[in-house]
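This report concerns the fold and the charged side-chain pairs of one protein model.

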Amino acid sequence: MKVWSFVFCLAITLYCKTEKLEYEERALQITTEAKTNLSKKLMEAMKEGGTKKAIPFCHENALTFTESLGKKANVELKRISNRPRNPKNALTKEEKEIFSLVQSAKGKDGVFPNHLVSSDRAVTVFVPITIQGQCVQCHGKPEGMEKETKEILKTLYPNDLALGYEVGDLRGLFAVTFKK
């Protein structure tokens, strides 16, 4: 009887780990596509007209781009932050706790971990979004930004909280929700 109990527990543990890895792997594929595509489009806008072109592009397209990519992948995909530029990206009470956990678990290598939450109805994988070099033009310290950039941000995002970041900082999280 003890052997069967052990085998059963081992089988459940392996199944859960495999299931977690599958969700996490799929979430990473989706968020990598989102990061790559959005970064590519923002860089194209930057080449066309600098931050004067890129900020309005992001303002008009980032939410719908994220939502449509989620629909295409048959998941709910959103970007969330403790310091949102767009109020629609603000954290819920539960997400604040998760954000704090991810932020405090930064590895010695500077990498933030993914975080998985499972319920009877869904699995949500939270994937960190970190500040890269090109991000500081619009998300860095205001004293280091061009005057025009600050003016555009103030106009489009009057309650902007997404400033003051440095390369490597945790900017937010992708929340990828899979319905069971």
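The following paragraphs treat the chain as a whole and then its salt bridges.

The model is predicted, so local features need pLDDT of at least 70 and side-chain atom pairs count only at pLDDT 80 or more, whereas totals for chains, interfaces and linings use all residues. Residues are numbered from 1 along each chain as its sequence is written, and side-chain values use heavy atoms, with hydrogens and water left out.

The protein chain contains 4 helices and 4 strands, which are DSSP runs (helices H or I, at least four residues; strands E, at least two) numbered from the N terminus. Along the sequence they follow the pattern α-β-α-β-β-α-α-β. Of the 180 residues, 34% are buried; buried means under 20% relative accessible area, exposed over 50%, and partly exposed in between (1.4 Å probe, protein chains only).

The whole structure holds 6 salt bridges, each defined as a side-chain nitrogen of Lys or Arg within 4 Å of a carboxyl oxygen of Asp or Glu. The table includes three of them.

| Salt bridge | N to O distance |
|---|---|
| E33 and K72 | 2.8 Å |
| E48 and K53 | 3.4 Å |
| D160 and R85 | 2.9 Å |

D160 lies in the loop between α4 (147-156) and β4 (170-179), and R85 in the loop between β1 (76-80) and α2 (93-104), so this pair ties together parts that are 75 residues apart in sequence. Both D160 and R85 are buried. E33 is partly exposed at 30% relative accessibility, while K72 is exposed at 63%. E48 is exposed at 59%, and K53 is partly exposed at 40%.
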